[in-house]
Amino acid sequence: MLSFFREYKFFGIFLFFLSAIIVTIMYNVLTPKKVLPIYQPTMVNFEMVDSTLQYQSKYHKIADFSLINQNGDTVTQKNYEDKIYVADFFFTTCQTICPIMTDHMAQIQKATLSDEEIMLLSYSVTPEIDDVDQLKRYAIEKGVIDKKWNLVTGDKKQIYELARKSYLAVKTDGNGDQYDMIHTENFMLIDKKRQIRGYYDGTQPDDIEKLLEDIKVLKNEG
């Protein structure tokens, strides 16, 4: 009996490894690959969506823009071409959720610092206050790395339309001029095709971890 086992020992080892390989292949084939949703206006809380888009169910993308960053440089979609990026809306004098959101954006910056495929973009909702000098002071205070993260200001109407018609990310209450915005805690994950692939609560550590995991999923989509 012992001689029988000795004779077929290597054959048995071969079968064991072959079986393991087959099981692994079958698991990978049968396990569905995680894919992030592509958000359309009809999928988002209507309070965040401009009335002209509330029934749009496909083809939604982030519009072109031209704004000024913390260094006085013009920033456009060209700067984010072939990039995955995280966007949010904030203002530098906010004392409630903005400091938490900015700290979490800095955490994302640190986690993706060596990955040139990932960038960050923060829009000021009070551009009349957040001029270039103010943004630069804020950027230095918060540890913003220029090549990774743009804080942008500019024409209020353009920022308003980006928030309401592109990112579907802020509310309006009409408590001032027609372009008043009430920003939310949302972080938006944008893919290389300018599509919204995720919304996250920028004040919640668990959501930041999920966002970082979803960035990996998005990169794996190729």
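What is the mean pLDDT of the chain, and what share of its residues reach 70 or more? Which residues in the largest nonpolar core touch the most other members?

Mentor: The mean pLDDT (the predictor's confidence in each residue, from 0 to 100) is 87, and 82% of the residues reach 70 or more. This is a predicted model, in which local features need pLDDT of at least 70 and side-chain atom pairs count only at 80 or more, while totals for chains, interfaces and linings use all residues. Residues are numbered from 1 along each chain as its sequence is written, and side-chain values use heavy atoms, without hydrogens or water. Over residues 26-31 pLDDT stays under 50, and the model has 0 contacts there beyond four places in sequence (contact means heavy atoms within 4.5 Å). Where pLDDT is low, the predicted coordinates should not be read in detail.

Of its 222 residues, 42% count as buried (under 20% relative accessible area, with exposed over 50% and partly exposed in between; 1.4 Å probe, protein chains only). Among contacts with a separation of 6 or more, 70% join residues 24 or more positions apart.

Now the core itself. A nonpolar core is a set of buried Ala, Val, Leu, Ile, Met, Phe, Trp, Tyr and Cys residues joined through side-chain atoms within 4.5 Å. The largest has 30 residues, of which Tyr 85, Phe 89, Leu 121, Tyr 123, Tyr 167 and Met 188 touch the most other members. At least two residues each come from strands S3 (84-90), S4 (118-124), S8 (186-190) and S9 (196-201) and from helix H5 (156-166). H5 gives the most, with 4 residues. Leaving out residues up to four places away in sequence, Leu 121 touches Phe 65, Tyr 80, Tyr 85, Val 86, Ala 87, Asp 88, Trp 149, Asn 150, Val 152 and Tyr 167. Another core, of 27 residues, lies apart from this one and includes Phe 90, Met 105, Ile 108 and Ile 215.

Aromatic rings come next. The whole structure holds 7 aromatic pairs (Phe, Tyr or Trp rings, the six-membered one for Trp, with centres within 6.5 Å; planes under 30 degrees apart are stacked, over 60 edge-to-face, the rest tilted). The ring centres of Tyr 39 and Tyr 199 are 5.1 Å apart and the planes stand at 90°, so this pair is edge-to-face. Tyr 39 is in the loop between helix H2 (9-30) and strand S1 (66-68), and Tyr 199 is in S9, 160 residues apart. Phe 89 and Tyr 167 are also edge-to-face, because their ring planes are at 75° with centres 5.6 Å apart. This pair links S3 to the loop between H5 and strand S6 (170-171), across 78 residues. Phe 89 is buried at 2% relative accessibility, and Tyr 167 is buried at 0%.

Two loop residues complete the picture. Pro 41 lies in the loop between H2 and S1 and is buried, with a relative accessible area of 2%. Beyond four places in sequence, Pro 41 contacts Val 49, Leu 53, Gln 56, His 60 and Leu 168. Asp 191, in the loop between S8 and S9, counts as buried at 6%. On the same terms for sequence neighbours, Asp 191 touches Lys 83, Arg 197 and Leu 218.
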